[in-house]
Amino acid sequence: PTESTAYTVVAEDDNGCQDEAQVTISILTAPIAGFEVEYLPSCDGITGFFDNNTEGGTSYTWDFGDGTTSEEEDPVHVFPVGPGAVVTLITFNGNGCSDTTTVDSSSVIYSNDDFDLEIGNVFTPNNDGLNDCFRPAFDGVFSDCYELQVFNRWGALIFESIGQGHCWDGRNKAGRLMEEGTYYYIVDINGINQTGFVELLY
């Protein structure tokens, strides 16, 4: 049968005596394993963000192909740069049934020094909610290896930030708003430097 079904079994001996019993055949459904992954460059390598879209699963075992595993539903894992990994997901349900799926990215070469970086050249810290803070925009996970330095026209360091979430709001280290003008910046992302000028306007 294609679904759980109860049957009545009747037995009769040579003397015409009968007996019957109920027999239930249970059809156990298996989960359907599936996932998607997004790889982003990061400080220590390539970070994989796994989105588990398994149907009917209750527990999961991930094999990242590098000797490490996880039982999280949607894990995040850092891989070394170079050829991509062969990642396997085994999922189980409450019936003890399982399913396995594998994504092979070994033909792709990943690097953490290839990312898109966008830096504006004007910002207006006037508290109107629009372009109030100077912050480079880039893809990747670089919070722990990102630094922004801003200098005035005389080469004095007036702002320094470590961490991707921070930006320059036009104030110096003492908290005083700087005057309008052109400022020099250095952005360091995982040892990769980019320099330029930004115009502060009110």
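User: Where is Asn 190 found?

Analyst: Strands are DSSP runs of E with at least two residues, helices are runs of H or I with at least four, and both are numbered from the N terminus. In this predicted model, Asn 190 is found in the loop between β17 (181-189) and β18 (192-200). Residues are numbered from 1 along each chain as its sequence is written. Because the model is predicted, local features need pLDDT of at least 70 and side-chain atom pairs count only at pLDDT 80 or more, while totals for chains, interfaces and linings use all residues; side-chain values use heavy atoms, with hydrogens and water left out.

User: Is Asn 127 buried or exposed?

Analyst: Buried means under 20% relative accessible area, exposed means over 50%, and partly exposed lies in between (1.4 Å probe, protein chains only). Asn 127 counts as exposed because its relative accessibility is 73%, whereas Asn 190 is partly exposed at 30%. Of the 202 residues of the protein, 34% count as buried.

User: How many salt bridges does the structure hold?

Analyst: A salt bridge is a side-chain nitrogen of Lys or Arg within 4 Å of a carboxyl oxygen of Asp or Glu. The structure holds 1: the side chains of Asp 169 and Arg 171 meet at 3.9 Å, N to O. Asp 169 is partly exposed, with a relative accessible area of 34%, and Arg 171 is partly exposed at 32%.

User: Which residues make the nonpolar surface patch?

Analyst: Patches are made of residues with over 30% relative accessible area and no salt bridge; like charges are joined within 9 Å, and nonpolar side chains (Val, Leu, Ile, Met, Phe, Trp, Tyr) within 5 Å. Areas come from the Shrake-Rupley method with a 1.4 Å probe, and for residues only the protein chains shown count as cover. Tyr 7, Val 9, Val 23, Ile 25 and Ile 27 make a nonpolar patch of about 370 Å². The elements that give two or more residues to this patch are β1 (5-12) and β2 (18-25). Ile 27 lies in the loop between β2 and β3 (35-42).

User: How many helices and strands are there?

Analyst: The protein has 0 helices and 18 strands.
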